[in-house]
Amino acid sequence: MTYEFKKITQKQAEDIAYNWHYEDKYSFYDMEADKEDLEEFLDPEARCDSSFAVMSDNELIGFFSADKKSDGSVDIGLGMRPDLTGKGKGREFLKAGMDFVRSKYDPINITLAVATFNQRAIKVYRRLGFDDAGTFMQDTNGDRYEFLKMVYEC
């Protein structure tokens, strides 16, 4: 599959925010699950130039955010369209995102945070070379959850 990363449009952001709903415990990742995250995702100024629609054959299949830090690292966030998750496509999707980040930002490393219950994603991240860098607690979705910080050295 070929992936194209384009600046996300308001229409795409709204489609993701209001129409992408994940099953079971993964509903944690529904944009509407956290009011602050939803507002930030829908605000074009907050998204700046750091949020991208991931396209394949002119079809929206995911989103990717990249925030370059002053230390040269890039913190990423990502999501695949719900009907594509759990089907073995995550590794290829993440690798394309990592390649995009390396070519656009030339980072010293790539970091991300993932909810510790999401072992499916953690497995993908580890397979692509991310290392565990500690856990932390974060308030989100109306409760407090444990997250794992992961780092990929470029």
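Start by selecting Thr111 and Asp75 and showing their side chains: the two side chains make a polar contact at 2.8 Å. Keep in mind as you click around that this is a predicted model.

You'll find Thr111 in strand E5, which covers residues 109-115. Now try a surface view: is Thr111 buried or exposed? Thr111 has a relative accessible area of 8%, so this residue counts as buried, the cut-off being under 20%.

Next, bring up what surrounds Thr111. Setting aside neighbours within four places in sequence, Thr111 is in contact with Val74, Asp75 and Ile76, and also with Lys149, Met150 and Val151. Asp75 on that list is the polar partner you began with.

Now hop over to Tyr105. This residue sits in helix H4, residues 90-105. With a relative accessible area of 15%, Tyr105 is buried. Which residues touch Tyr105, leaving aside those within four places in sequence? Select Asp49, Phe52, Ala66, Lys68 and Val74 to see them.

Tyr105 and Lys68 are 37 residues apart along the chain, yet their C-alpha atoms are separated by 7.3 Å.

Last stop: zoom out and colour residues 3-152, the span UniProt lists as "domain: N-acetyltransferase" in an unreviewed entry. That stretch is 31% helix and 37% strand.

Technical notes:
Residues numbered from 1 in each chain as written. Predicted model: local features only at pLDDT ≥ 70, side-chain atom pairs only at ≥ 80, totals over all residues. Heavy atoms only, no water. Helix = DSSP H or I, 4+ residues; strand = E, 2+ residues; numbered from the N terminus. Buried < 20%, exposed > 50% of the residue type's maximum accessible area, 1.4 Å probe, protein only. Polar contact = N/O pair within 3.5 Å; in protein donor to acceptor, adjacent residues only side chain to side chain. Contact = heavy atoms within 4.5 Å. UniProt positions renumbered as here; feature names shortened; annotations may be inferred.
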